Amino acid sequence: MESVIGIVVSLVAGAGAAYAVLRSRSVRLETQLDERTRQLKTAIRERDEERDKREGLSEKLSNAQAELSGYESSQKEREKANEQRRAELDTHFKGLASEVLKSSTDEFRKQAAEQFKQQQELADSDLKARQTAVQNLVNPVRESLDKLRKHVDDSDKERVADNTKISQSVDGLMAETNGLRKILHNPQLRGQWGEQHLHNVLDAAGMEQHVDYFKQDTVSGAPDAAWMRPDAQVKIPGGATVVIDAKTPHDSYDQAMRSTNGQEQSRLLAEHAAALAKHAQELAGRNYAQWVEGSPDFVMMYVPTDPMLDAAIKVEPTIWQETWQRHRVLITTPGLLIAFLRTVALA
């Protein structure tokens, strides 16, 4: 009996639970149905509104089309009227233009003829004035050209005369050069030329012979008087006497200047520098300071041309300093000697 009651209770409980579930689903479905119904009504209302709008737009479109048709019709009528008016104006203006052109052509021809005549008269007058002006310009130019032609002819004559003189001078200079070359290739004549060159420099510097300097005076008291004859003895204020001896080492120098071989030229210039140093050593060996009264402890060695010294310095840059420091020999060229002698002469 209790088991039956338990079963009944269980069934009742199960039925209650099922009813509750079904009731819950029914309520939810009813809610969804209401929501769907509301949405449907909203959609129907919006559809109706859109239909009304579309119908209103259709009516406006029909009205606009009707207005457009009317406008097109009136536009065609206006275009037709404008075309007709244009044709009438063209005809009218063509007639006016023809009349104006006819009258203007005759007047234009008349005015053109008058203006052409005036221009012709002005052109003739201007041409005469230009011809006169050109003539006034050409005449001075022609006169200047005639003067220039005469000047050129005179200049050509003078140039020919000058060329003749120059040719004669060049011939003379070449003769002198050939003579000098012969002198320089003869040792005895070369020495005499060097001595004379020294005396010329002494005179050019303002020195007076037998007063300011003496030529080739024999040194008294020297053991070898013939050997101890300097080319010049220059008197210095205060009682001093400077001995100057001219040397012209030319052979190696001349061959070097003529050589086109670089190595051979260097060798010959080295021989030239050695010859110059040898002359300085020989002068130092004469010891002029011991035998010439008032002579300082040095002697001047005169080289007639600056290129001779420059060529030696080119291969032996210290040759000037070494001859001075070792032998107390001062190598001088015309420029250096004149500067020294001018100082002495002014003193």
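Helices here are DSSP runs of H or I with at least four residues, strands are runs of E with at least two, and both are numbered from the N terminus. By that count, Thr-332 sits in strand β5, residues 329-332.

## The model and its ground rules

What you're looking at is a predicted model, where local features need pLDDT of at least 70, side-chain atom pairs count only at pLDDT 80 or more, and totals for chains, interfaces and linings use all residues. Residues are numbered from 1 along each chain as its sequence is written, and side-chain values use heavy atoms, leaving out hydrogens and water.

## The chain as a whole

The protein chain has eight helices and five strands, arranged along the sequence as α-α-β-β-β-α-α-α-β-α-α-β-α. Of its 347 residues, 20% are buried (under 20% relative accessible area; exposed is over 50%, partly exposed in between, with a 1.4 Å probe and protein chains only).

The chain exposes about 25000 Å², with carbon and sulfur atoms supplying 55% of that (areas by the Shrake-Rupley method with a 1.4 Å probe; for residues, only the protein chains shown count as cover). Take the contacts (heavy atoms within 4.5 Å) between residues at least 6 apart in sequence: 65% of them join residues at least 24 apart.

## Helix α4 against α6

Helix α4 covers residues 262-286 and helix α6 covers 306-315; their axes come within 8 Å and cross at roughly 110°. Axes are lines fitted to C-alpha atoms, for helices over the stretch in contact, and angles run from 0 to 180 degrees between N-to-C directions. So the two helices, α4 and α6, are roughly perpendicular (65 to 115 degrees; under 35 is roughly parallel, over 145 roughly antiparallel, the rest oblique). The crossing of α4 past α6 is left-handed, a label used if the near helix is turned anticlockwise from the far one by less than a right angle, with right-handed for clockwise.

On the α4 side, the contact involves Ser-266, Leu-269, Ala-270, His-272, Ala-273 and Leu-276, which meet Met-308, Leu-309, Ala-311, Ala-312, Lys-314 and Val-315 of α6. By class that's nine nonpolar, two polar and one charged residues (Ala, Val, Leu, Ile, Met, Phe, Trp, Tyr, Cys and Pro are nonpolar; Asp, Glu, Lys and Arg charged; the others, Gly among them, polar). Ala-270 of α4 is partly exposed at 37% relative accessible area. Its C-alpha lies 7.5 Å from that of Glu-316, 46 residues apart along the chain.

## Helix α4 against α7

With helix α7 (residues 319-327), α4 does something else: the axes come within 10 Å and cross at roughly 20°, so α4 and α7 are roughly parallel. This time α4 passes α7 in a right-handed crossing.

The contact is built from Ala-273, Leu-276, Ala-277, Ala-280, Gln-281 and Ala-284 of α4 with Ile-319, Thr-323 and His-327 of α7. Those residues split into six nonpolar, three polar and no charged.

Most residues other than glycine have a negative phi. Asn-287, not a glycine, has a positive phi of about 55°; you'll find Asn-287 in the loop between α4 and α5 (288-291), partly exposed at 34%. Arg-328 also has a positive phi, near 55°, and lies in the loop between α7 and β5. Arg-328 is partly exposed, at 30% relative accessibility.

Leaving aside residues up to four places away in sequence, Thr-332 touches Met-300, Met-301, Tyr-302, Val-303 and Leu-337.
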